[in-house]
Amino acid sequence: MSTSDLSKRLTEGVATPDGEGAVLAGVPHSAAMGMRLISADGGEAMLMLPYSEALVGDVATGVLGGGAITALLDTCCGAAVFATRTKGIISTATLDLRIDYMRPATPGRDVYAHAECYRMTRSVAFVRALAWTEGRDRPVGTAAASFILNRQPEDGA
Amino acid sequence: MTETQSRSDLLDGMSLSIPYIRFLGLIFERRGDEITALMPYKPDLIGNPLVPALHGGATGAFLEITGVTQLVSDMALEHSAAAGGTLPEDYVPVMPKPVGITFDYLRSGKPMDTYARAIVQRRGRRVANVRIEAWQEERTKLIAAAHGNFLLGSGGS
């Protein structure tokens with residue numbers, strides 16, 4: 001698989017029947033959860049996690065498991081790194097991830113996440129993200145993450 | 001029914017009745033007051049198929065749920081002690097809610113079974129502070145660690 005294919009794992013997906021976003025087929029766990037990529041460009045990414053009974057963490061209320069929000073925010077942060085379209089980055093790995101959980105995701109509602117890669121050094125990318133169900137002004141959770149960057153060897157080096 | 005049996009049943013009940021725990025395929029084993037959580041490998045847990053590596057979100061969710069489960073077990077132990085040594089049949093566990101968690105990713109998660117244990121640093125009436133560690137082949141070679149605060153209900157009851 002070529003380098004360009006590798007970076008496309010998190011910035012492109014497979015079209016869905018209802019046309020909202022694309023399934024992240026290159027990221028098996030995200031695909032299994034049903035996550036969809038809405039957009040990825042200019043160092044920003046937007047994802048959507050459709051509400052699913054399989055991801056419920058509290059049966060009494062129908063609220064999704066906190067870990068599902070963690071996985072959504074982690075994926076969204078990773079997508080934002082690739083959305084910088086920086087040449088030569090082969091892969092990334094999460095170094096650390098801080099999540100604050102502000103309110104439960106509203107049962108029955110899809111969860112949206114937006115991430116922004118706001119600083120990139122040669123080896124590390126810094127990202128912040130927000131997840132919501134009702135609106136961005138009522139966040140379900142926020143994330144701050146750093147990613148280690150694996151770059152391909154420079155030509156002639 | 002012995003207290004040990006009823007608390008093990010409580011954990012089995014959680015892994016069977018909570019959809020998101022079933023989705024991840026988690027299993028909990030109890031030795032005394034210590035829980036060891038197991039995340040058996042399955043392809044749906046992969047984040048990067050090219051390494052291949054477990055999804056940071058799946059590992060994060062696993063750590064988070066291990067922390068919650070240890071707290072549920074600790075509170076059940078306390079409850080049964082207060083009730084004269086047996087856990088009442090109608091005992092309904094309070095599910096701790098994460099407030100903020102920091103995840104450190106120390107090694108790439110290989111496509112194999114993962115284990116986790118939680119250390120409750122402090123459990124007060126309203127908030128518990130917990131550290132959680134995950135490993136694969138060797139207990140001392142952690143693949144990820146987390147620390148976070150969990151809300152234990154309003155504290156009124």
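Predicted model: local features only at pLDDT ≥ 70, side-chain atom pairs only at ≥ 80, totals over all residues.
Strands here are DSSP runs of E at least two residues long, and helices are runs of H or I at least four residues long, each numbered from the N terminus.

Chain A is as compact as a globular protein of its length, because its radius of gyration of 16 Å is close to the 15 Å that the globule rule gives for 157 residues. Along the principal axes, the C-alpha atoms of chain A fill a box of roughly 60 × 30 × 20 Å. Buried residues make up 45% of the 157 in chain A. Among contacts in chain A between residues at least 6 apart in sequence, 60% join residues at least 24 apart.

Leaving aside residues up to four places away in sequence, A:A83 touches A:T11, A:A40, A:D41, A:G42, A:G43, A:E44, A:A45 and A:C117. A:R85 is found in that loop too, but A:R85 has 12 C-beta neighbours inside 10 Å and therefore counts as exposed. The backbone of A:R85 has a phi near 55 degrees, a positive value in a residue other than glycine.

Strand β6 (residues 114-123) and strand β7 (residues 127-135) of chain B run antiparallel and are joined by eight bridges. Within this pairing, B:Y115 has B:W135 of β7(B) as its bridge partner. The two strands, β6(B) and β7(B), form a hairpin with three residues between them. β7(B) also pairs with strand β8 (residues 142-151) of chain B, again in the antiparallel sense, over nine bridges. Here B:E133 stands opposite B:A145 in β8(B). A hairpin is formed by β7(B) and β8(B) as well, with six residues between them.

The two chains meet through 32 residues of chain A and 31 residues of chain B. On the side of chain A that touches chain B, the elements giving two or more residues are α2 (28-33), β5 (56-58), α3 and β7 of chain A. The largest share of that side, 10 residues, comes from β7(A).

Helices also pack across the two chains. The axes of helix α3 (residues 66-82) of chain A and helix α3 (residues 56-82) of chain B come within 8 Å and cross at roughly 150 degrees. Angles over 145 degrees count as roughly antiparallel, so α3(A) is roughly antiparallel to α3(B). The crossing of α3(A) past α3(B) is right-handed. On the α3(A) side, the contact is made by A:G66, A:G67, A:A68, A:T70, A:A71, A:D74 and A:T75. Their counterparts in α3(B) are B:G56, B:G57, B:A58, B:G60, B:A61, B:E64 and B:I65.

Technical notes: Residues numbered from 1 in each chain as written. Chains lettered and ligands numbered in written order. Rg over C-alpha atoms; globule rule 2.2 N^0.38 Å. Buried ≥ 20, exposed ≤ 12 C-beta atoms within 10 Å, placed from the backbone. Contact = placed C-beta atoms within 7 Å. Pairing = 2+ DSSP bridges. Axes fitted to C-alpha atoms, helices over the stretch in contact; angles between N-to-C directions. Parallel < 35°, antiparallel > 145°, perpendicular 65-115°, else oblique. Left-handed = near helix turned anticlockwise from the far one by under 90°.
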